[in-house]
Amino acid sequence: MAGHGESEKKSSDAVNDLQTFRAENLQSNMKVIYYSRTFLSIIGGVIAGILGFTGLTGFVLYFLMMAITSVALIAKAKFSIHTYFDSWNRVLLDGFLGGLMSFVLFWTFAYDIVHIF
């Protein structure tokens with residue numbers, strides 16, 4: 001993950017430091033989040049389909065996978081979120097619905113292949 005740029009003080013008496021982020025680094029970090037959530041959603045969907053999960057059980061697996069993904073991304077950032085992202089919401093929530101659609105697609109696909117055919 002790419003870090004942010006060095007913050008500059010405008011005067012020696014400045015109390016509040018504002019962190020500045022390079023747009024390229026922030027965009028690269030967001031791509032990592034989207035790709036990892038999408039990949040793990042696909043893997044989780046295939047696992048749920050192969051295990052024969054139906055209904056609420058499959059969605060519980062999805063929420064569990066996304067919680068594990070969020071913790072793994074935070075650990076990858078060495079628990080210093082504000083070094084790599086501008087808010088916690090970026091790590092916890094971005095890519096959540098897109099991942100859900102991928103999960104359901106591969107869940108139903110794997111379930112159909114294993115349990116219906």
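**Reading the labels**

Analyst: Trp-88 has a relative accessibility of 39% and therefore counts as partly exposed, since buried means under 20% relative accessible area, exposed means over 50%, and partly exposed lies in between (1.4 Å probe, protein chains only). The model is a predicted one, in which local features need pLDDT of at least 70 and side-chain atom pairs count only at pLDDT 80 or more, while totals for chains, interfaces and linings use all residues. Residues are numbered from 1 along each chain as its sequence is written, and side-chain values use heavy atoms, with hydrogens and water left out.

User: Where is Trp-88 found, and with which residues is Trp-88 in contact, leaving aside its neighbours within four places in sequence?

Analyst: Trp-88 belongs to helix α4, where a helix is a DSSP run of H or I with at least four residues, a strand is a run of E with at least two, and both are numbered from the N terminus. Contact means heavy atoms within 4.5 Å, and, with neighbours within four places in sequence left aside, Trp-88 is in contact with Ile-74, Ile-81 and His-82. The C-alpha atoms of Trp-88 and Ile-74 are separated by 9.4 Å, and the two residues are 14 residues apart along the chain.

User: How many helices and strands are there in the chain, and how much of the chain counts as buried?

Analyst: The chain has 5 helices and 0 strands, so that its elements run α-α-α-α-α from the N terminus on. Of its 117 residues, 28% count as buried. Among contacts between residues at least 6 apart in sequence, 75% join residues at least 24 apart.

User: What span is expected for α1, and what span does α1 reach?

Analyst: The expected span of a helix is 1.5 Å times one less than its number of residues. Helix α1 covers residues 23-51, which is 29 residues, and reaches 42 Å from its first C-alpha to its last, close to the 42 Å expected. Helix α2, with 21 residues, reaches 30 Å, which is close to the 30 Å expected for it.

User: What covers the buried residues of α1?

Analyst: The buried residues of α1 include Leu-26, Met-30, Ile-33, Ser-36 and Arg-37, and what covers the buried residues of this helix includes α2 (56-76), α3 (81-84), α4 (88-92) and α5 (96-116). The buried residues of α2, for their part, pack against α1, α3, α4 and α5.

User: Why does Thr-69 count as buried, and with which residues is Thr-69 in contact?

Analyst: Thr-69, which has its place in helix α2, has a relative accessibility of 2% and therefore counts as buried. Leaving aside its neighbours within four places in sequence, Thr-69 is in contact with Ser-36, Arg-37 and Leu-40.

User: How do the axes of α1 and α2 cross, and in which hand does α1 pass α2?

Analyst: Axes are lines fitted to C-alpha atoms, for helices over the stretch in contact, and angles run from 0 to 180 degrees between N-to-C directions. On that basis the axes of α1 and α2 come within 10 Å and cross at roughly 145°, and α1 passes α2 in a right-handed crossing. A crossing is right-handed if the near helix is turned clockwise from the far one by less than a right angle, and left-handed if anticlockwise.

User: Which residues make up the largest nonpolar core?

Analyst: A nonpolar core is a set of buried Ala, Val, Leu, Ile, Met, Phe, Trp, Tyr and Cys residues joined through side-chain atoms within 4.5 Å. The largest one has 10 residues in all, made up of Leu-26, Met-30, Ile-33, Leu-73, Ile-74, Ala-77, Ile-81, Tyr-84, Phe-85 and Val-91. The elements that give two or more residues to this core are α1, α2 and α3, and α1 gives the most, with 3 residues.

User: What makes the phi of Lys-78 worth noting, and why is Lys-78 called exposed?

Analyst: Most residues other than glycine have a negative phi. Lys-78 has a positive phi of about 55° although it is not a glycine, and its place is in the loop between α2 and α3. Its relative accessible area is 63%, and therefore Lys-78 is exposed. Phe-79, in the loop between α2 and α3, has a positive phi of about 60° although it is not a glycine, and at 62% relative accessibility Phe-79 counts as exposed.
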